[in-house]
Every structure is written in C-alpha cells, then in structure tokens.
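Dear colleague,

A summary of the findings follows.

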Amino acid sequence: VTVKVKVDREKCQGHARCAALAPELFALDELGNAREIGDGSVPDALADKAYLAKANCPEMAIDVEETQ
Amino acid sequence: MSARPPVNDWSTDFDHLDPRWVENPYPIWEELREKCPVAHTERFRGVYFPSRYEDVRAVAYDTEHFSSRRIIVRETPPPRIPAPPITSDPPEHRPAKNLLLPAFTPDAIKRHEPGMREICGKLIARFADKGGCDAAVDYAQEIPVRVIAVMLGLPEEEGERFRKWIHEILEAGITRPDILMKALGETEKYFQAEIEKRRTDPRDDLITQLSRATIDGEPISEPHLLGALRLILIAGIDTTWSAIGSCFWHLAQHPQDRKRLVDEPELIPTAVEEFLRAYAPVTMAREVIKDTTINGCPMKSGEMVLLSFPAANRDPKMFPDADRVVIDRAENRHAAFGLGIHRCIGSNLARLEITVALQEWLKRIPDFRLDPSAKVTWSEGTVRGPRKLPVLFG
C-alpha cells in the first residue's frame, strides 16, 4: 500500500495545523497556506502523521489516498 | 451597563449580555442545540444564534447571504467601521488579507518568540515570590498587548491605553455608541500620528510596512490603512489575553492536568489546541444580506447572526465528550480561529503566545489554585475570558 497526501488549495485557509503536526509532509507558502511536499508520497513511518494532519484540518482540506 | 430585562426563554429571547450567559454559557448552548438549534432574539434589533457546529460552519462559508461588513452585534444602529480584511467581503477580502498574511506566518512569527519569553519571564518575576497573583490582570492581559506593541513598533508601556480602547470598542461600545465613537476617533488620531512619524523615520515595524503597502500597484487608502492597524491592535490583544486566562482558569482547578503538563511539557501544544476548543474566546457576527434558511430556519435580510465558534466547538456531534477537556485529544479540528475565508490572521501568533505563556509559567510555578476568598469575573460580548483570576501558589 502506498499512501499519498494532497492539500486542496481552494479549501485551505492557512490554519497551518498540518505543517505543525507533520512538517515532513506539508509546507507553507509565503502567505501561510499549505501544500504537500513533493508529490505527497508518505513514507510508511509517517503514515500515522498523515492521518493526524487530516484529522486536525479545520477546513477538511486534506486528502489521504491509499493505493494498492 | 444599563439594566437588562431578564431572559425567560433562550430560544426566542436570548441575550448574550445576560449575566448567566456571561458567567457560564455552555449549559444554555447545550439546551439550545437540543431544543432550538437556531435561536432568535428581538433584542439588538434582531439576531439569530446557531449553536450547532454544522450550522456555524454553513454560515461561515456562505459569503453570498452573510456579510462581514458588521461583525459585532450592538444595541444601536452601528456606524460601519471598516477594519479590512475582517470587515471585507469578496472580492475585496482576498487582496486585503494577502496584504497582512506574510507578517503572520509561523516562520514570520518565530522571530518574536525570544521576546515573548522575556516578557513572560519579567512578568512572572514580579509575583513569583508573593504567594499568589491575579493570573488575568498580572499575567495574561500583559502578554499580548506587549507583543502586539512590539510588532506594530509602539512602546510596550502603552498597554493601558490600548486596553482602554479595546474595552470601549468591544464591550462598553455595545450599548454606548458615544463611548464607541470617542474610542474610534482616538485610535485614528493615534495611528495617524504614528504613520506621520514614520514618513521621515521609517522603521522595521508593521506600521512602516503597511503604510508602504500597495494593492494592484496602488497605495492603500488612508481609511484602509487605519482600519487594518486598528484591527491588528484590537483583534490581537483581548482575544489572546482571554485564551491565556482560560488556560490558567482550567489548570488552577485541574491539578492532574497541570501535573501532566509539568511532567510532559512536550504535550503543551496539544493541550493548547484543546483549551482553544473548549474555551474558544471569540464569537463573531454576520449581517444577513439576502433572505435564506439555515438548517430549516428562515433568516431575514437586515438582521444579524451571532457566529459562535465557542458553541460550535462544544457540539458533541462533532467532538466526542465535547464538554470534557481532554488535554491529549488527538483529533481536534476545532473552529476557535474561525472557518472559511475569515480564518484569524493572528492564529499562529496566538498559538505561540499561549504556548510560551504556559511553558514559562509552569517552569516557575508548577502548583497553583483558585483563591477561594476571591471571585473570578468574565468579560462580556464578542470575546470571552476571565478578567479577574486570583490564584494562590503552592
């Protein structure tokens, strides 16, 4: 299973929770809005953090996708 | 404040200035969520009060029917007081917000952290050996006012004057338009003078930075500049002061939570999110500008909506065990800083201030409790937090 995160840039309002909880997976731009780092691939060891970031986004702007 | 007719029915006649609401609003909101999720009152010339998370969210996201041009419920027809971007609607909102955002990202805020620690340390040194203090007056209220002063480039010692204006604009001004107008006039004169000083003597501060700012290549207008500065002054102070105060109010009464944060300081940021959820200080408002319905409840154009993020944060459908403070709550998508385009610009700043305030205090004063011989008092209106919080150490 590979896990990928994606930030919906339309929904993101810059609460910055994802970057605080999973700085390995999310970065903020000059306005403080979030995007996934690289192509959003999540190393196995960081899968929990990906879901934690999703569960703490007030705008529900984070998607975690699992593919076989 | 004028004497207010007592409330008999919160569903049809609520009053957010009623002493019971000011003292402890949570049971009232719980009852409303069950019985009448969108309450209404004829007071304040007509106001709706959604108490469920989903309804608060729906209003916050709907800028077509709900305008931010009025964001405080007042008793008399209020003057329009622009403070962009908080009072802006699309399409003006986005450029006005983007102007301020870069100064408030986590990275931009970080450079103020050493200063915050120093401020907290100095305040604690004043009372650490005295056996007790008023955690709201001697500590919480002093922190954000100094941080904001430093960011704007104003003397730290002006705190008293800023707090007076904030009280007049956000509390006393709800029922007294004369007090409101006087305070607004004073802040305007004050900032005009500060802007003028920087024309010949530019500094590394927000006033200088914003007075040079442009939107689409055009310098921003003087009313826009004054409004934005007033917003930063007002929104950044009693909000964070209230949030810090509520953390201490909780910890003074929950020794197990306190001990855990002393033993596991790495848990403090998680606990701060939970305190923000459970004791969210800020209730905003919107003006209905087109008739609509929320959760089946018709809303009439011209009336106001109290947008209670604190009530949304206590909705058990969204947060299991919503009335219990769980300092290690892992899933916490609370709405303390709002939802949608008006997300609080200062959220990163506030989070850092609250965290630093707790860290520095708990290092020096791990044990404290409410002073049983004194009374805790709460602010009223838009921002909720303790205004007197006498505690004893040890």
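In which order do the five strands of the open sheet in chain B lie? The model, which is predicted, places them as β1-β2-β10-β7-β3, with mixed pairing. The edges are taken by β1 (38-41) and β3 (66-67) of chain B; each has a single partner strand, so one side of each lacks a neighbour in the sheet. Within the sheet, β2 (residues 47-50) of chain B pairs with β10 (residues 304-308) of chain B in the parallel sense, over two bridges. Met304(B) in β10(B) is the bridge partner of Val47(B). Across β1, β2, β3, β7 (283-288) and β10 of chain B lies helix α4 (residues 53-61) of chain B, which runs at about 120° to β10(B).

A helix pair in chain B also deserves mention. The axes of α9 (residues 142-152) and α10 (residues 159-171) of chain B come within 10 Å and cross at roughly 105°; as angles of 65 to 115 degrees count as roughly perpendicular, α9(B) and α10(B) are therefore described in that way. Glu142(B), Val145(B) and Ala149(B) of α9(B) meet Gly159(B), Phe162(B) and Arg163(B) of α10(B). By class, this contact has three nonpolar, one polar and two charged residues.

Finally, the largest pocket holds about 700 Å³ of space. Its lining comprises 22 residues, and those closest to the centre are Ala16(A), Ala19(A), Ala20(A), Pro106(B) and Asn348(B). Two or more lining residues come from each of α1 (17-21) of chain A and α6 (106-110), α16 (268-278) and α18 (347-364) of chain B. The lining has 10 nonpolar, five polar and seven charged residues.

Yours sincerely

Definitions and conventions. Residues are numbered from 1 along each chain as its sequence is written. Chains are lettered from A and ligands numbered from 1 in the order in which they are written. This is a predicted model: local features need pLDDT of at least 70, side-chain atom pairs count only at pLDDT 80 or more; totals for chains, interfaces and linings use all residues. Side-chain values use heavy atoms; hydrogens and water are left out. On a 1 Å grid over the protein atoms alone, a cavity is a set of points where a 1.4 Å probe fits but cannot get out, and a pocket is an open set with protein on both sides within 12 Å along at least five of seven lines; lining residues have an atom within 4 Å of a point. Grid points are joined across faces, edges and corners, and a volume is the space filled by probe spheres set on the points. Helices (H or I, at least four residues) and strands (E, at least two) are DSSP runs, numbered from the N terminus. Ala, Val, Leu, Ile, Met, Phe, Trp, Tyr, Cys and Pro count as nonpolar, Asp, Glu, Lys and Arg as charged, and the others, Gly among them, as polar. Axes are lines fitted to C-alpha atoms, for helices over the stretch in contact, and angles run from 0 to 180 degrees between N-to-C directions. Angles under 35 degrees count as roughly parallel, over 145 as roughly antiparallel, 65 to 115 as roughly perpendicular and the rest as oblique. Contact means heavy atoms within 4.5 Å. Two strands pair if DSSP finds at least two bridges between them.
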